Amino acid sequence: MIAFIVRRLVAAVVLLFVVTVMTFSIFYLVPRWAGATPETLASRYVGRSATESTVKVTAEKLGFNDPIVVQYGNWAKGLFVGQEYDYGSGVEKCPAPCVGYSFLKKQPVWPELLDRIPVTLSLAVGAALIWVIFGVATGVLSALRRGSLFDRAAMTVALAGVSLPIFFTGLISLAFFSYQLHWTKPGGSYVPFQENPITWAQCLMLPWITLALLFSAQYARLTRAGMLDTMNEDYIRTARAKGLRERNVVIKHGLRGALTPILTIFGLDIGLLLGGAVLTEKTFSLNGLGKYAVEGIVQNDLPKILGVTMVASVFVIIANLVVDLLYAVVDPRVRIG
């Protein structure tokens with residue numbers, strides 16, 4: 001087991017290095033292949049109203065005239081020890097981890113990301129708990145009652161949940177539950193967990209349910225398909241022949257065998273959501289990573305987008321590392337792979 005964990009940790013570190021190279025290439029190398037000049041790259045850091053002389057000075061200060069390998073080394077170095085930016089009249093410091101520096105606001109991106117991460121983390125984790133519990137439970141019951149009225153109704157609701165976009169269900173939910181019935185907090189409401197856990201949950205309840213509706217539908221359908229395959233296996237019939245209780249057969253043998261594909265998509269889903277639930281945050285006016293990235297795009301503030309990209313990549317890697325470790329718990333055969 002220890003060797004399995006070590007292998008996965010090493011693989012995660014290697015993948016993180018690959019992610020830094022790919023991220024740097026997307027923002028710095030690929031534009032050059034497309035014909036961008038150092039001045040063109042620098043213009044993305046100074047906003048839309050910068051003068052030509054300002055752009056040239058910025059290109060020189062940022063090292064866009066240096067070889068690409070040197071640029072990557074300086075950029076990667078900033079992730080660990082920080083960077084300094086010379087404006088001529090003074091030097092601005094971007095402490096580690098320097099995932100980006102907003103030249104429009106004259107401040108590092110990382111502190112702003114730290115302010116946004118709790119919002120996105122609260123949204124993603126709360127919604128994940130709801131969709132996993134209800135989605136998996138619905139899928140198991142539908143598989144055990146295949147062809148019943150419950151099965152047909154559950155799969156119909158699941159199909160509707162997958163089909164309806166989040167900006168539609170979110171706005172309808174806000175209009176009905178928040179502004180008409182006043183059961184939930186309106187959009188834009190968020191209270192940190194440490195200040196008031198009850199108000200924190202009340203503010204996020206509607207975004208949780210709206211976001212979970214989309215994912216729980218997928219998990220219900222996937223769990224149902226996995227359970228239908230698993231419950232027809234020989235070891236399930238053997239377990240029943242031994243006289244095991246049906247509850248143990250379903251949970252310990254049937255569901256455990258169907259969890260592997262569920263864990264796979266769960267790692268991808270939660271990792272991507274931790275990088276910013278763009279539509280949900282925009283619909284409910286939550287100041288999370290997704291909304292922050294949209295602001296960077298609108299303002300042409302490239303460092304904001306770069307910072308969110310790096311944070312989202314790290315979240316995806318961590319989520320998949322956890323999933324790999326859970327594989328070994330669910331299916332011991334994975335440990336020898």
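How far does helix α4 reach from its first C-alpha to its last? Before I answer, note that this is a predicted model. Helix α4 covers residues 68-81, which makes 14 residues, and its reach is 20 Å. That is close to the 20 Å expected at 1.5 Å a residue.

Staying with α4, which of its residues are buried? They are Gln-71, Tyr-72, Trp-75, Ala-76, Gly-78 and Leu-79. These residues cover an arc of only 145° around the axis, so they sit on the same side of α4. The other side of α4 has Val-69, Lys-77, Phe-80 and Val-81, which are exposed. After α4 comes Gly-82, with a positive phi near 90°.

Now the protein as a whole. It has 337 residues, and 43% of them count as buried. The secondary structure amounts to 13 helices and four strands. Along the principal axes, the C-alpha trace spans about 80 × 55 × 40 Å. If we take the contacts with a separation of 6 or more, 64% of them are between residues 24 or more positions apart. The protein exposes about 17,900 Å², and 66% of that is supplied by carbon and sulfur atoms.

Next, one patch on that surface. Ile-2, Val-6, Val-10, Val-14, Leu-15, Phe-17, Val-18 and Met-22 form a nonpolar patch, and together they have about 750 Å² of accessible area. One of these, Val-18, is placed in helix α1, residues 2-33. Val-18 has a relative accessibility of 37%, so it counts as partly exposed.

Is Ile-166 buried or exposed? Ile-166 is buried, because its relative accessible area is 7%, and the cut-off for buried is under 20%. Ile-166 belongs to helix α7, which runs over residues 166-178. Leaving aside residues up to four places away in sequence, Ile-166 touches Thr-210, Leu-211, Leu-279, Thr-280 and Thr-283. Ile-166 and Pro-207 are 41 residues apart in sequence, while their C-alpha atoms are 9.7 Å apart in space.

On to salt bridges. How many does the structure hold? There are four, and I will go through some of them.

Asp-151 pairs with Arg-224 in a salt bridge, where the closest N and O atoms are 2.8 Å apart. Asp-151 is in helix α6, residues 149-163, and Arg-224 is in helix α8, so the pair ties together parts that are 73 residues apart in sequence.

Asp-234 and Arg-237 form another salt bridge, with 2.2 Å between the closest N and O atoms. Both residues lie in helix α9, which is residues 234-241, and they are three residues apart, about one turn of the helix. Asp-234 is exposed, at 52% relative accessible area, whereas Arg-237 is partly exposed, at 45%.

Arg-240 also forms a salt bridge, with Glu-246, and here the closest N and O atoms are 2.7 Å apart. Arg-240 is partly exposed, with a relative accessible area of 37%. Glu-246 is partly exposed too, at 40%.

Last, some points about the backbone. Which residues are joined by a cis peptide bond? They are Ala-96 and Pro-97, and omega is about -5°. Pro-97 is in the loop between β2, residues 91-94, and β3, residues 101-102.

His-182 is not a glycine, but its phi is positive, at about 60°. It is in the loop between α7 and α8, where α8 is residues 197-230. With a relative accessible area of 62%, His-182 is exposed.

Ser-285 is also a residue other than glycine with a positive phi, in this case near 55°. Its place is in the loop between α11, residues 278-283, and α12, residues 289-298. Ser-285 is partly exposed, with a relative accessible area of 34%.

That is what I had for today.

Key:
Residues numbered from 1 in each chain as written. Predicted model: local features only at pLDDT ≥ 70, side-chain atom pairs only at ≥ 80, totals over all residues. Heavy atoms only, no water. Helix = DSSP H or I, 4+ residues; strand = E, 2+ residues; numbered from the N terminus. Buried < 20%, exposed > 50% of the residue type's maximum accessible area, 1.4 Å probe, protein only. Contact = heavy atoms within 4.5 Å. Patch = residues over 30% accessible without salt bridge, like charges linked within 9 Å, V, L, I, M, F, W, Y side chains within 5 Å. Areas by Shrake-Rupley, 256 points an atom, 1.4 Å probe, with all protein chains shown as cover. Salt bridge = Lys/Arg side-chain N within 4 Å of Asp/Glu carboxyl O. Expected span 1.5 Å × (residues − 1). Arc of directions from axis to C-beta.
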